[in-house]
Amino acid sequence: MAFDVNNFVIDECKRVIGRNASTGELYWLVSQIEDPSLQCDSEEVVKNDAKGSPIAKWSQGKTATFSASNSLMDFNLMSYQFNGEGKTVASSGNAINVPAIEEKKLGASDLTTYVCKYNVVNSGTSSTPVYKITVCTLTRDGAVKKSFKQGQAVSEGVFTYTSASKTITFKEGDLAEGDKLYVQYEYSSENAIAVYNSADKFSSAQEMLIEVVGHDICDVSTAYAGYVVFPNATLSASTTVSFGREDSFPFEFSASQDYCSDKKELFRIIVPQPAT
């Protein structure tokens with residue numbers, strides 16, 4: 001007897017995957033799915049008679065849009081949303097500039113020099129180096145107390161930076177014991193990842209797959225895997241990245257027809273017989 005199922009109860013949306021439609025190369029995969037929804041629409045064209053009464057209707061311009069949130073911030077998905085490419089992973093030949101923020105409560109021996117943990121990135125040239133360093137002291141509640149500028153020689157409110165020793169030098173008397181020093185700069189790291197959002201890069205078409213788990217309404221003891229396959233879909237670059245502890249991370253993609261397919265499909269839903 002041929003396998004057949006009609007009334008299907010969804011237990012969960014297990015995961016959503018984006019991959020290269022030609023090679024199958026994995027682009028991103030998320031498995032903490034919240035509020036999944038597939039919106040299908042079409043444009044309606046109406047023919048009216050001379051008195052404005054509808055006499056015929058046609059549908060055209062079908063669309064399909066899937067939206068959901070992932071409870072975790074997935075950097076690969078985010079990178080494909082923003083730039084249409086995976087996250088950047090630093091290596092020995094591809095270092096990433098990383099912000100460094102350092103704070104220190106100053107003792108009596110710390111009032112004229114501070115040694116940075118890392119070498120500050122030179123954003124200039126070897127002959128004319130530029131080291132972008134932000135220095136200030138903080139009040140007890142974390143506000144700025146006193147700001148400093150970088151110069152060629154120390155003076156009141158002006159510090160110098162020596163790259164060879166990673167040392168910031170202050171004029172004697174500019175800092176006091178008990179001050180909280182704040183230092184910010186960038187250093188080059190081979191152990192970091194980065195997600196870029198470039199103004200001239202966008203997501204390109206991918207094959208998307210949604211995997212759900214459910215059961216036949218008449219057989220709740222048997223779990224079924226169901227799949228929604230989008231042969232040609234594109235992630236939206238419009239999203240909101242929230243930074244609260246309880247926030248989730250939304251994503252959305254829209255389907256385009258598989259133009260070279262006889263079925264011209266936007267998507268297909270497949271429920272196979274479970275393996276025995």
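Is Asp35 buried or exposed? I would like to start from that residue, and then widen the view to the whole chain.

Before the answer, a word on what we are looking at: this is a predicted model, in which local features need pLDDT of at least 70 and side-chain atom pairs count only at pLDDT 80 or more, while totals for chains, interfaces and linings use all residues. Residues are numbered from 1 along each chain as its sequence is written, and side-chain values use heavy atoms, with hydrogens and water left out.

Now to Asp35, which is exposed, because its relative accessible area is 64%; here buried means under 20% relative accessible area, exposed means over 50%, and partly exposed is in between, with a 1.4 Å probe and protein chains only. Asp35 lies in strand E3, residues 33-48, and although it is not a glycine, it has a positive phi of about 50°. When I say strand or helix, I mean DSSP runs numbered from the N terminus, with helices (H or I) having at least four residues and strands (E) at least two.

Lys166 is another residue other than glycine with a positive phi, in this case near 60°. Lys166 sits in the loop between strand E10 (158-162) and strand E11 (167-169), and it counts as partly exposed because its relative accessibility is 23%.

Let me step back to the chain. There are 1 helix and 17 strands in it, and its C-alpha atoms fill a box of roughly 90 × 60 × 40 Å, taken along the principal axes. The radius of gyration of the chain is 29 Å, whereas a compact globule of 276 residues would have one near 19 Å; this radius is taken over C-alpha atoms, and the globule rule is 2.2 Å times the number of residues to the power 0.38. Of the 276 residues, 31% count as buried.

What about contacts, meaning heavy atoms within 4.5 Å? Among the contacts in the chain with a separation of 6 or more, 65% are accounted for by residues 24 or more positions apart.

Two alanines give us local examples. Ala95 is in the loop between strand E5 (88-89) and strand E6 (96-105), and it counts as partly exposed because its relative accessibility is 38%. Leaving aside residues up to four places away in sequence, Ala95 touches Ala90, Ser188, Ser189 and Glu190. Ala205 is placed in the loop between strand E13 (193-194) and strand E14 (206-216), and at 44% relative accessibility it counts as partly exposed. With the neighbours up to four places away again not counted, Ala205 touches Asn232, Ala233 and Thr234. From C-alpha to C-alpha, Ala205 and Ala21 are 8.2 Å apart in space, although 184 residues separate them in sequence, whereas the C-alpha atoms of Ala95 and Phe230, 135 residues apart along the chain, are separated by 36 Å.

Finally, how many disulfides does the structure hold? The number is 0, where a disulfide is a pair of cysteine sulfur atoms within 2.5 Å. For Cys136, the closest cysteine sulfur is that of Cys116, at 13 Å, so the two are too far apart for a bond. Cys136 is buried, with a relative accessible area of 7%, while Cys260 counts as exposed at 79% relative accessibility.

Notes:
Contact means heavy atoms within 4.5 Å.
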